Amino acid sequence: MTKITRLFDFPYHQLETYNLDKAFTTKYNGTWKSISSKEFIDQANAISRGLLRLGVKPNDKIAVISTNNRTEWNIVDTGILQIGAQNVPIYPTIAKEDYEYILNHSESIYCFVSDETILEKLNVIKGNTKLKAVYTFNDISNESSWKDVLELGKDESNQDVVEDRKNQVKPDDLATLIYTSGTTGTPKGVMLSHNNIVSNVLDSEKRVPFDYGKSKSLSFLPVCHVFERMILYLYQFCGVEVYFAESIEAMSDNLKEVKPNVMTAVPRLYEKVYDKIVAKGTELSGLKKTLFFWAIELGLKYEPYGANGWWYEKQLQLARKLIFSKWQEGLGGNLELMVSGSAALQPRLTRMFAAAGMPIMEGYGLTETSPVISVNDQRHGGFKIGTVGRIIDNVEVKIADDGEILVKGPNVMQGYYKDPEKTAEVMTNDYFHTGDIGEIDSEGFLKITDRKKEMFKTSGGKYVAPAILENEFKQSRFIEQIMVIGEGEKMPAALIQINYEFVQEWAKRHKINYSKETIIDNQQLKDRIQEEIDTANQKFGHWEQIKKFEITPNVWSIEEGHLTPTMKMKRKVIKEKYHDLIDKIYRP
């Protein structure tokens with residue numbers, strides 16, 4: 001048996017243990033194409049041999065930028081790592097200036113890209129970098145293809161050099177540089193070793209109830225994000241078939257085609273799925289509509305492990321049969337587990353999907369911790385709503401005097417690349433400072449209460465934790481995004497991006513003229529949102545309550561710079577973009 005100490009050991013373990021016919025599957029031109037565990041290794045070795053012939057040395061950096069997750073990404077990843085080089089994944093959606101910064105800072109010498117859109121951005125700045133060549137996954141005329149590297153590696157005569165390079169790679173060697181999208185400043189290159197991620201895969205594996213060698217997964221969270229990447233190694237380790245979703249738009253079709261048992265997502269996606277289900281429910285009439293909303297009411301009261309008593313469980317059984325079974329069908333019919341990370345998940349979603357028999361297990365971690373620190377697990381009483389689960393094995397968490405979560409363990413990064421000062425800022429001996437505020441309850445569950453950096457004081461000297469407020473207000477179907485402001489001001493207020501899809505439907509029901517440009521000035525809409533704010537405000541202290549709000553005139557997006565690639569708000573950017581609205585609130 002292969003002892004797993006380095007990332008490229010996972011595919012060999014999969015071949016020996018499960019030997020899947022469909023290890024990875026991607027859709028090309030409308031057709032799903034699979035490769036087996038054996039073909040995956042053969043192609044990864046060909047990439048290694050090709051890269052050796054291109055002169056790639058140990059510790060050389062090779063960048064990979066892909067719009068969507070696909071088989072080629074994983075083959076190239078293994079091919080790079082086997083020869084002691086490092087993979088530098090780059091978010092496809094960032095600006096070309098950020099491409100240039102990351103390529104230069106990492107000193108990447110080759111780059112693999114998925115498609116023409118990325119290539120166009122890259123070609124503008126390529127001349128300012130050390131790149132020797134760019135290879136594309138899609139077939140693009142007059143461009144070098146990743147198949148050229150495969151072809152270069154077809155001749156197996158230098159496989160002994162690949163084996164030699166593999167043998168020289170040690171568990172503590174650097175495996176990857178992951179540049180954090182960061183809500184402020186230039187991206188930082190997080191240095192993760194093979195052991196950082198391998199230990200995290202092996203320690204997280206105990207929390208996932210897969211049917212080893214038989215489960216199917218649907219993957220679509222960007223693989224340049226360490227959460228999805230770690231999960232893909234975990235799938236390889238557990239013999240889980242991986243299908244790559246085409247896009248967020250094609251998600252619901254892909255779910256029906258693949259019928260996965262497991263998928264991972266960020267909370268924003270689960271919110272969208274839930275909103276779509278509820279929107280469909282509002283279109284029903286008569287008894288069907290009554291039953292639908294009865295099931296929703298029931299779901300919102302869900303508690304795990306039968307805590308609500310036998311009568312609730314009896315009703316839940318009926319709701320699952322009549323209503324929730326249809327939700328399951330809409331998501332492929334076989335979904336047993338969903339995992340959520342990257343941001344706080346609203347407790348109502350945890351309750352709702354668990355009631356529907358498709359529990360979302362929320363976890364917590366950071367790029368710097370490879371990433372998992374804690375995760376919920378339905379088995380062994382390890383699931384508690386409103387928490388991010390118990391801390392995984394071999395990882396130690398302590399809460400500092402100011403409430404900050406500090407983490408120690410084999411998953412903690414080696415530091416920030418070429419930046420010992422920033423590394424020193426976040427490390428105290430072996431403990432990494434997460435920047436999150438939290439607590440561990442009497443049963444060992446970790447609860448995140450806020451981001452240390454995001455807490456602010458009003459001019460009255462009262463502390464406000466915006467993330468908690470925002471999570472509550474976002475439960476309104478009128479609100480797509482909300483940012484609580486008020487640092488140094490007399491009261492908290494909010495900037496709101498409305499949920500245009502829902503508001504259009506609401507306007508139609510209330511016979512209000514709808515246009516995307518003018519609806520935000522509609523007084524009826526403002527009054528209705530005020531009602532939502534007033535309701536949510538009741539859960540908070542007087543000093544925390546939102547006293548005023550303004551609706552922003554456009555959709556907050558990654559492309560326009562409002563959001564990071566993992567859908568976190570760039571608070572500084574949003575404040576700058578809407579400084580006129582902020583002035584309207586505080587300096588009318």
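**View 1. Helix α17 and what covers its buried residues.** β25 (493–498) and α18 (523–537) are among the elements that cover the buried residues of α17. The model shown here and in the other views is predicted. Helix α17 spans residues 500–509, and its buried residues are Tyr500, Phe502, Val503, Trp506 and Ala507. These residues lie on the same side of α17 because they cover an arc of only 155° around the axis. An α-helix has 3.6 residues a turn, so residues three or four places apart point the same way. On the other side of α17, Glu501 and Lys508 are exposed. Just after the helix comes Lys511, with a positive phi of about 50°.

**View 2. An open sheet of 9 strands.** In what order do the strands of the open sheet lie? The order is β2-β1-β10-β9-β11-β12-β13-β14-β15, and the pairing is mixed. Which strands are at the edges? They are β2 (31–35) and β15 (390–391), each of which pairs on one side only.

**View 3. The pairing of β9 with β11.** Strand β9 covers residues 216–219 and strand β11 covers residues 262–265. The two run parallel and are joined by 2 bridges. Within this pair, Ser217 of the model stands opposite Val262 in β11.

**View 4. Two helices against the sheet.** Helix α2 (residues 37–53) packs on the sheet, where it touches β1 (24–28) and β2. The direction of α2 makes about 75° with that of β2. Helix α3, made of residues 71–81, lies across β1, β2 and β10 (241–244).

**View 5. Cys111 and Cys224.** How many disulfides does the structure hold? The number is 0. Cys111 is in no disulfide, and the nearest cysteine sulfur, that of Cys224, is 12 Å away. A disulfide needs two cysteine sulfur atoms within 2.5 Å. For Cys224, which is likewise in no disulfide, the nearest cysteine sulfur is that of Cys111. Are these cysteines buried or exposed? Cys111 is buried, with a relative accessible area of 0%. Cys224 has 5% relative accessibility and therefore counts as buried, since buried means under 20% relative accessible area.

How values were computed. Residues numbered from 1 in each chain as written. Predicted model: local features only at pLDDT ≥ 70, side-chain atom pairs only at ≥ 80, totals over all residues. Heavy atoms only, no water. Pairing = 2+ DSSP bridges. Helix = DSSP H or I, 4+ residues; strand = E, 2+ residues; numbered from the N terminus. Contact = heavy atoms within 4.5 Å. Axes fitted to C-alpha atoms, helices over the stretch in contact; angles between N-to-C directions. Buried < 20%, exposed > 50% of the residue type's maximum accessible area, 1.4 Å probe, protein only. Arc of directions from axis to C-beta.
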